[in-house]
Amino acid sequence: MTTCRVCDRPSASSLPVGVYAPFFSLRVDTSRDEHALYSARGAMRALPGRSFASRARHFAARKLAGLRAQRPPTLLRTACNFCSRCQSLTLSHAYGYDDLKPLYADYRSTGYDRDRISVEPSYAGIAARVGADPVERTSRNRGVADFLAPLLPQQAMSLALDLGGSDGKFIPPEVIGRYRETHIFDTSDAQVDASVRALAVRKIGDPEPGRYALLMCMHVLEHVGSPRAFVIDSLKYLEPGGLLYLEVPLELDPGVEAQFTSRDVDRCIVIHEHINQYSPQSVARLIESIDGLTLLKNEAADIDCGWSTGRVGRYLAQRVG
């Protein structure tokens, strides 16, 4: 067992069941992953009749012995961790901020879509709608507003901060209106959308620690290498008594626990932009593991994105002490 990077408990086990999606491999240096397995022959079919575990051992032995073919090896699989306590799935390798930045520097831009379609042609069918469909915006914003509004001040002179908020379209006006200003701190070069720019929303390059009464982090924790460490670092921006709102997609396949329990490595888990997968209890356990945070409210809810449907977890915590 290893320590879970979500709930900080020694309750995570590892299996070589992850497979990098082509776009991830295009933009991220996966050679840094010490858990990666490679095939000198380019395909699992090269060793018919063997179990995956046997083939994996064969490939690993060839790699260590320096017996690979002259052509570049094919990345075969990598290891994932599953935590039996918080029911989360993470990559065994912890990618850092700089490692993952190439994924998001031009997030959802024309260049981003072009690169992704070049290696994942099926993405062309939804590229124009992801993050832009009005149904998605309405569904997500209504859900956040309904969840948060009862616990927000009616009108505050304080500030709010959205970490990873991109162009600001997914910050509900009902939340923006409760604060003097709302700042966005984000790695992408996306400009603040005109619809929220007029509502005292702006991007900043360096948030001031301890200045914010509300910190929002929506659909970010599935993208970071060390989710708990990310949340702990983010707390520096919150004032004492400030509120922390976290939202994540709930994507964990119920069969993953059985897969790790039985040590079944014949199934694979595709690693795309979402390098972590969560169940409803994952983020609640994360919050409970951090001294100075108290969970106030949480829920799991369905959303309609127009181009797909999904389920999200919403969590509101308060900084105390």
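Me: How many cavities of 30 Å³ or more does the count give?
Reply: This is a predicted model, and the search was made on its atoms. Rolling a probe the size of a water molecule over the atoms shows where empty space is left. With the cut-off at 30 Å³ or more, the count comes to one cavity.

Me: Against which helices do the buried residues of α4 pack?
Reply: Helix α4 covers residues 110–119, and its buried residues include Arg116. Arg116 also lines the largest cavity. Gly111, Tyr112 and Asp113 of α4 are buried as well. The buried residues of this helix pack against α1 (22–27) and α3 (97–104).

Me: Is Lys169 buried or exposed?
Reply: Lys169 is placed in the loop between β5 and α6 (173–176). Beyond its neighbours within four places in sequence, Lys169 is in contact with Gly131, Ala132, Arg137, Asn141 and Asp193. Its relative accessible area is 16%, and the limit for this class is under 20%, so Lys169 is buried.

Me: How far apart in space are Lys169 and Asn141, C-alpha to C-alpha?
Reply: Asn141 is one of the contacts of Lys169. In sequence, the two residues are 28 residues apart. In space, their C-alpha atoms are separated by 8.6 Å.

Me: Which residues have the most contacts inside the largest nonpolar core?
Reply: The largest nonpolar core has 33 residues. In the largest core, the residues with the most contacts are Leu221, Val231, Leu244, Leu246, Ile287, Leu293 and Tyr315.

Me: Over which stretches of residues is the pLDDT below 50?
Reply: The protein chain averages a pLDDT of 89, and 90% of the residues score at least 70. Where pLDDT is low, the predicted coordinates should not be read in detail. The pLDDT stays under 50 over residues 44–52, and it is also below 50 over residues 58–71.

How values were computed. Residues numbered from 1 in each chain as written. Predicted model: local features only at pLDDT ≥ 70, side-chain atom pairs only at ≥ 80, totals over all residues. Heavy atoms only, no water. Core = buried A, V, L, I, M, F, W, Y, C linked by side-chain atoms within 4.5 Å. Buried < 20%, exposed > 50% of the residue type's maximum accessible area, 1.4 Å probe, protein only. pLDDT = per-residue confidence, 0-100. Contact = heavy atoms within 4.5 Å. 1 Å grid on protein atoms, 1.4 Å probe; cavity = no way out; pocket = protein on both sides within 12 Å on 5 of 7 lines; lining within 4 Å. Points joined across faces, edges and corners; volume = space filled by probe spheres on them. Helix = DSSP H or I, 4+ residues; strand = E, 2+ residues; numbered from the N terminus.
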